[in-house]
Amino acid sequence: QVQFVESGGGLVQTGGSLRLSCTVSGSAFTDTEFGWYRQVPGKRREFVARANRGGSIVYSEVTKGRFTCSRDNVKNTVYLQMNNLQPEDTAVYYCNSIPCNSWGQGTQVTVSS
């Protein structure tokens, strides 16, 4: 069973930065594509970024230019470096494989204005 453990969230001021990590177990990590998503209570889960097998990255229009997604195939970890955070980035952030497996607990990111 594939498991995802997200970490690195917290409370930051507008313009601040955070680096999220997602440690993956139970999958053939190198052969899997991963995505970062976020969700605000009462709203649909939103796509943030995708790390493809070959190392290419796809970003949502909302986060492009501010967020950087990367993967470490040795540590079985996917990262999301978030810069210039804005209050609208406040959400619980999740990672998952593509196609999706069961969701982890996510990590809360709160950006104060």
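How many residues lie between β4 and β5 in their hairpin, and which residue in the turn has a positive phi? I found 6 residues between the two strands, and Gly42 in the turn has a positive phi of about 85 degrees.

**Basis.** I worked from a predicted model, in which local features need pLDDT of at least 70, side-chain atom pairs count only at pLDDT 80 or more, and totals for chains, interfaces and linings use all residues. Residues are numbered from 1 along each chain as its sequence is written, and side-chain values use heavy atoms, with hydrogens and water left out. Strands are DSSP runs of E, at least two residues, numbered from the N terminus; two of them pair if DSSP finds at least two bridges between them.

**Sheet.** I followed β4 to its partners. β4 pairs with β5 in the antiparallel sense over 5 bridges, with Arg38 opposite Glu46. β4 also pairs with β9, again antiparallel, over 7 bridges; here Glu33 has Ile98 as its bridge partner. β9 in turn pairs with β10 in the antiparallel sense over 3 bridges, and Tyr93 is bridged to Thr107. I then wrote down the order of the open sheet of 6 strands: β2-β10-β9-β4-β5-β6, with mixed pairing. β2 (10–13) and β6 (57–59) are at the edges with a single partner strand each, so one side of each has no neighbour in the sheet.

I checked burial next (buried is under 20% relative accessible area, exposed over 50%, partly exposed in between; 1.4 Å probe, protein chains only). In β4, 6 of the 7 residues are buried.

**Cysteines.** I counted 1 disulfide, taken as a pair of cysteine sulfur atoms within 2.5 Å. Cys22 and Cys95 form it, with their sulfur atoms 1.6 Å apart. Cys22 is in β3 and Cys95 in β9, so the pair ties together parts 73 residues apart in sequence. Both Cys22 and Cys95 are buried. Cys69 is in no disulfide, the nearest cysteine sulfur being that of Cys95 at 9.4 Å; Cys69 counts as buried at 5% relative accessibility. Cys100 is in no disulfide either, with the sulfur of Cys95 nearest at 10 Å. At 45% relative accessibility, Cys100 counts as partly exposed.

Note on methods
Helices (H or I, at least four residues) and strands (E, at least two) are DSSP runs, numbered from the N terminus.
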